[in-house]
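Let's take a walk through a protein model together.

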Amino acid sequence: MESTIVALATPPGAGGIAVVRLSGPESYRVCEQVFRPMNPEKKVGQAKGYTALFGRFQTGGRVLDEGVVLFFRAPHSYTGEDVVELSCHGGMVIAQELIEACIHAGAEPASPGEYTKRAFLNGRISLTQAEAVMEVIGAAGRQGAALAETALSGALAGRISAWREQLVKLAGHLAAWVDFPEEDVPELSDEALGKTLSQVSGEIRDLTDHYEAGAVLRQGVDTAIVGSPNVGKSTLLNLMAGFDRAIVTPVAGTTRDVVEQAVMLGGVRLNLFDTAGLRDTSDLVEAEGIRRSRQKLAEAGLVLAVFDGSCSTLEQDIELAKSCRGRPAIALINKSDLDRRFDQTAIEPYFDRVLPISAGTGEGLAPLSQAVGQVLGVAGIDPSAPALMNRRQLSAAVRAKDALEEALAAMEGGFGLDAVSVCVDDALLALSQLSGEDVTEQVVEEVFSTFCVGK
C-alpha cells in the first residue's frame with residue numbers, strides 16, 4: 001500500500017458539492033500540485049490533521065474551481081494513512097478534471113472498496129466493520145440502517161472478541177490438562193466446561209437464527225400480490241404506494257404484465273409485484289402475464305394473496321391458498337366494506353395470517369403493516385444488538401456453532417477432553433475467520449470487490 005490513490009467519494013452527477021479523496025503517503029504532495037490556498041501564507045505540506053483550507057483547484061496553470069480541502073494525518077484517518085479530501089462544486093466535468101489532475105500529479109485510480117480495504121489492512125476497523133460499510137450505504141429502511149450502524153460501530157466485533165477470549169482460556173486449560181498430565185494442572189469440571197460451551201454456542205446460535213430476518217430489514221423483500229382477476233390487487237398496490245401506480249378498471253385481465261413498486265410497510269421495504277389475475281384464458285398476451293404471475297409467486301419472499309370477500313369461495317381460491325402453504329404468506333380478504341360472502345375458514349390452514357381489508361377505503365392497512373413484521377420475523381429484532389451482515393459471516397458463525405455443539409456432544413458422550421479440545425480449536429478458527437483475523441487474501445479480495453469505487 002505504498003501507492004497514493006484517488007477517486008470520487010460522492011455519487012456521480014449534478015449536486016451541491018463533489019468530494020475527491022486522496023489516500024496514501026503522497027496525498028499532501030499531490031494536493032500541493034492541484035490546490036493553491038487563498039492565503040499565500042498557508043502551506044499544504046504544513047497543514048495539520050482535522051483542519052481545512054479554502055483555495056483554488058488548478059491544472060496546467062488553469063483554474064478549475066474554488067473549494068475547500070480537508071486534511072487528515074496518519075494514523076488518525078479513515079484509512080489510517082494521510083488522507084486529503086478535495087471538495088469542489090458538484091458536476092462531473094470539474095470533479096473528473098480534478099481527478100485527472102491528481103493522477104497526472106502521481107496518484108493512482110482507486111479500486112472498488114480500496115479505501116475501506118486499507119482501513120482494514122491498517123487495523124483501523126475489523127473485517128466485520130468493513131463489511132458493514134456497504135450495508136449502511138445500501139440499507140433499505142431505518143431499522144436496517146440501524147442494524148448496519150450497530151455492526152459498523154464494532155458491536156459484532158466486540159462480541160466475537162469476547163467469545164474468543166472465553167474459548168482461548170478454555171482451550172489453554174484443556175491443552176495443559178491433555179498434554180501435560182504429569183503436571184499439577186487443576187482439573188476442569190464438567191459443569192464449568194459445559195456451561196462455557198453452552199453459553200457461547202447459544203449466543204452464536206441466536207445470531208444465526210436471526211440472520212434471515214436481519215437480511216430482510218437491511219435489503220427488503222420481494223413481495224408478490226396474487227389472486228384472481230378483479231379481487232383488488234392493483235387497488236391494493238396503489239393504496240400501499242400512496243399513488244395510482246397501477247391501472248384499475250372493472251374489466252377482468254386489465255393487468256397483463258408485472259407492475260413493480262417499492263414501499264415501506266411494517267419497517268420493511270417491500271418490493272411489490274402486482275401480477276396478472278390467475279385464471280384460465282385463451283388470450284396469449286394475458287396467458288403470458290399469468291405465467292409471469294406464477295413465476296413471481298414461486299420466487300417471492302413474501303406473498304400477499306388477495307381474495308374477494310364479497311364473493312363466495314371458489315375452487316381457484318383454494319388452489320391459490322394451497323400454493324401458499326409453508327410460505328411466508330398473508331391472506332387478505334378484500335372489500336371488507338361490502339357484505340361478506342367469502343368463507344375464510346377454507347383457506348386459514350394455508351396462511352400465517354388472514355386479515356380483512358378494504359383496498360378501496362384503506363381500512364385494514366395498519367393491521368397488515370403489523371402482520372408483515374410478524375410474518376417476516378422482524379418484529380422482535382433489536383437494531384442495537386449485534387447481527388450478521390452477509391453469507392460469509394453466516395457461514396463462519398455456523399461453523400463455530402457446530403464445532404461447539406460437537407464439543408458438547410463429545411463431552412457428554414465420554415470421548416475425552418482431547419476430543420473436546422479439538423472441537424474448541426475448530427470453533428476458535430471459525431471465529432477468527434468471522435472476525436477477519438485469519439482469512440485468506442482471496443477472501444479479502446472477494447469482500448471488497450462488492451464495494452463501490454470511492455469507498
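This is a predicted model: local features need pLDDT of at least 70, side-chain atom pairs count only at pLDDT 80 or more; totals for chains, interfaces and linings use all residues.

Glu405 and Arg205 form a salt bridge, with their closest N and O atoms 3.0 Å apart.

Arg391 forms a salt bridge with Glu212, and here the closest N and O atoms are 2.9 Å apart. Arg391 sits in H13 and Glu212 in helix H8 (residues 211-219), so to speak two distant parts of the chain, 179 residues apart. Arg391 is exposed, with a relative accessible area of 52%, while Glu212 is partly exposed, at 44%.

Now look at a salt bridge within one helix. The side chains of Lys169 and Glu165 meet at 3.9 Å, N to O. Both belong to helix H6 (residues 155-179), and because they are four residues apart there, about one helical turn separates them. An α-helix has 3.6 residues a turn, so residues three or four places apart point the same way. Lys169 is exposed, with a relative accessible area of 60%, and Glu165 is partly exposed, at 47%. In total, the model has 15 salt bridges.

H7 covers residues 190-209, and at 1.5 Å a residue its 20 residues should span 28 Å; the C-alpha atoms at its ends are 27 Å apart, which agrees. Which residues of H7 are buried? They are Leu193, Gly194, Thr196, Leu197, Val200, Ser201, Ile204, Leu207 and Thr208. If you look down the axis of H7, these buried residues fall within an arc of 165 degrees, so they line one face of the helix. The face turned away from that buried side carries the exposed residues Glu191, Lys195 and Asp209.

Finally, turn to the strands. Seven of them form an open sheet in the order S3-S4-S5-S6-S2-S1-S7, with mixed pairing. Strand S3 (35-37) and strand S7 (108-109) stand at the edges, and each has a single partner strand, so one side of each is left without a neighbour in the sheet. Strands of a sheet pair through backbone hydrogen bonds, either parallel or antiparallel. In which sense do S1 and S7 pair? Strand S1 (residues 5-8) and S7 pair in the parallel sense, over two bridges, and Ile5 stands opposite Glu108 in S7.

Two helices accompany this sheet. Helix H1 (residues 27-34) packs on the sheet and touches strands S2, S3, S4, S5 and S6, and its direction makes about 80 degrees with that of S3. Helix H2 (residues 92-104) lies across S1, S2, S4, S5, S6 and S7, and runs at about 175 degrees to S1.

Notes: Residues are numbered from 1 along each chain as its sequence is written. Side-chain values use heavy atoms; hydrogens and water are left out. Two strands pair if DSSP finds at least two bridges between them. Contact means heavy atoms within 4.5 Å. Axes are lines fitted to C-alpha atoms, for helices over the stretch in contact, and angles run from 0 to 180 degrees between N-to-C directions. The expected span of a helix is 1.5 Å times one less than its number of residues. Buried means under 20% relative accessible area, exposed over 50%, partly exposed in between (1.4 Å probe, protein chains only). The arc is that of the directions from the helix axis to the C-beta atoms. A salt bridge is a side-chain nitrogen of Lys or Arg within 4 Å of a carboxyl oxygen of Asp or Glu.
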